[in-house]
Amino acid sequence: MRRMLLLLVCIASPLIAQNSIPEWCRALPRPQYRSIERVKVSDAWFEVYKPAPGVFAIYEPHQSEETIAYLITGDSRAILFDTGMGISDIKKITEELTKLPVLVLNSHTHDDHVGGNWQFDTVYGMDTDFTRKNAKGSWEDAQAEIASGQLCGDLPKGFDAKSYSTRPWKIAGYIRDGEKIGLGNRSVEVISTPGHTPDAISLLDRGNGLLFTGDTYYPGPIWLYRPETDFKAYAASISRLNALAPDVKLVLGAHNVPIAPPTSLTHLVLAFAAVRSGKVPGTPEPEGKMLYKMGDISFLMRAPAAH
């Protein structure tokens, strides 16, 4: 879970017994959402917010990942940056928000970011073996997302838990670092930011000062413990993003909360360097993990091997 460590009052579904509510769920709703314009949509699985002009944050608060996809609209086409869990119909939501043709890009291809890819004809990916492998889909990874303690509230009507999987999707084309994608009256630049995964990217809307960081940065414990994680690559990627901070007004990550100040990028670089140098003590977490926290930045990593 990428939950933030907050002690707030939970507003949960009345259909759930209080003693069955997962701890992460008790921290909802997050207070940051009070300052963001909410957009009404027809599907209660999603909450949609408008953190910037022409940008819709499509939030899934009922699953522990609290994944956020972004619909970035121009006047001729739109980019859907991630497609979420695939638990409910994200394509229907995008059609309620825009009538423009939609290009799907993924911040990376972990299952919680590609669940709705199969619904779209135009999905571009990075040219990596990791991307191609994940495009084949996964039943096991998806099932882990609906295991005990992972849900808060009701699943959508008609959802079949037993058959739930990350469905295969077709890679329609490949994108590359530095590529600029025009949406008409706005343009976004693809920035390769490997580390969390080999195919991780961020998007920079330079004209509007917006940086979409995927799982390279978000408010909450950043997952850096999986086998595909590369610390050296991650350090280089976050340093690259921090160099963009003077041109950025708003950082939009892929979990928990869709808004953060550009100063978070500097904090991220300093915190990761301090953790790698052994200056930050860790707190043991289940399954052989360790949580490292420095200021407003935290990382969930594998515990050091015992000698």
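1. Lys 180 stands opposite Glu 189 in β10. The model is predicted: local features require pLDDT of at least 70, side-chain atom pairs count only at pLDDT 80 or more, and totals for chains, interfaces and linings use all residues. Residues are numbered from 1 along each chain as its sequence is written, and side-chain values use heavy atoms, without hydrogens or water.

2. β9 and β10 (residues 187-192) run antiparallel and are joined by three bridges. Strands are DSSP runs (E, at least two residues; helices are H or I, at least four), numbered from the N terminus, and two of them pair if DSSP finds at least two bridges between them.

3. The open sheet has five strands in the order β9-β10-β11-β12-β14, with mixed pairing. Its edge strands, β9 (180-182) and β14 (250-253), each pair on one side only.

4. Twelve salt bridges are found in the whole structure; the criterion is a side-chain nitrogen of Lys or Arg within 4 Å of a carboxyl oxygen of Asp or Glu. One of them joins Arg 206 and Glu 189 at 3.3 Å, N to O. Arg 206 lies in the loop between β11 and β12 and Glu 189 in strand β10, 17 residues apart.

5. Glu 189 is buried at 14% relative accessible area, whereas Arg 206 is partly exposed at 43%. Buried means under 20%, exposed over 50%, and partly exposed in between (1.4 Å probe, protein chains only).

6. Glu 287 and Lys 289 form a further salt bridge (2.9 Å, N to O). Glu 287 is exposed at 69%, while Lys 289 is buried at 10%.
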